[in-house]
Amino acid sequence: MRKIVVVLLLPFLFACSSIDCPLNSVAAVYTLGGKVSSLGSTDTLTVWAILNNGKDTVLNRQTSASTFTLPMSYDHDTDALVFCFTDTIDSMFLDTLYVSKTNEPHFESVDCSPTFFHQLTTLRCTHHMLDSVSIAQPTVNYDTTKTNIYLYFHSGD
């Protein structure tokens, strides 16, 4: 009888050890577009999020980049991001980008932590260095091979 119980429990022991939770995080992919398609080696782009508690947090700092990823909140319908551009002579320009989106819970397994996928709905921004922004791929999920948002800078002409 004991052998039968062991044989019946054996598949459950192996099934529990093979939980395959995703290691990827959900992040939006931003690509610089237009005449300024990448940051120069001495230009710096710092991005921070404006949080609802009145604080902010730095999300990313880039030099010599044309594409970067940023995490998205899962508890707000709109994310406010500040882009700080610093050039070779330490001139600073600030632009604020507002990303409106839906937050859709995504479950891989009851044993895994839930994640949130997003559908981008609208973008709006200030226009100090940014000329315009556009949604390229509205679905934000684990796929970081596709651009979600294009950032177009003033050409400087």
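This is a predicted model: local features need pLDDT of at least 70, side-chain atom pairs count only at pLDDT 80 or more; totals for chains, interfaces and linings use all residues.

Me: How many aromatic pairs does a search of the whole structure find?

Reply: The search finds seven aromatic pairs. One of them joins Phe83 and Phe85, which are stacked, with 6.5 Å centre to centre and 15° between the planes.

Me: Is Phe83 buried or exposed?

Reply: A residue counts as buried when its relative accessible area is under 20%. Phe83 has 0% relative accessibility, so Phe83 is buried. Phe85, at 5%, counts as buried too.

Me: Why is the pair of Phe117 and Tyr142 edge-to-face?

Reply: Planes over 60 degrees apart count as edge-to-face. The planes of Phe117 and Tyr142 stand at 90°, with ring centres 5.1 Å apart, and therefore the pair is edge-to-face. This pair links distant parts of the chain, 25 residues apart: Phe117 belongs to strand S7, whereas Tyr142 lies in the loop between strands S9 and S10. Both residues are buried.

Me: Which residues form one aromatic cluster?

Reply: The cluster consists of Tyr30, Phe68, Phe83, Phe85 and Phe153. A ring may also have a charge over it: the charged end of Arg124 sits over the ring of Tyr98, 4.1 Å from its centre.

Me: Where is Thr147 found, and what is Thr147 in contact with?

Reply: Thr147 is located in the loop between S9 and S10. Its relative accessibility is 17%, so Thr147 counts as buried. Leaving aside neighbours within four places in sequence, Thr147 is in contact with Val29, Thr31, Ala136 and Gln137. With Thr31, the side chain of Thr147 makes a side-chain polar contact of 2.7 Å.

Technical notes:
Residues are numbered from 1 along each chain as its sequence is written. Side-chain values use heavy atoms; hydrogens and water are left out. Rings of Phe, Tyr and Trp (its six-membered ring) pair if their centres lie within 6.5 Å; planes under 30 degrees apart count as stacked, over 60 as edge-to-face and the rest as tilted. Buried means under 20% relative accessible area, exposed over 50%, partly exposed in between (1.4 Å probe, protein chains only). Helices (H or I, at least four residues) and strands (E, at least two) are DSSP runs, numbered from the N terminus. A charge sits over a ring if NZ of Lys or CZ of Arg is within 6 Å of the ring centre and within 35 degrees of the ring normal. A polar contact is a pair of N or O atoms within 3.5 Å; within protein, one must be able to donate a hydrogen and the other to accept it, and residues adjacent in sequence count only if both atoms are side-chain atoms. Contact means heavy atoms within 4.5 Å.
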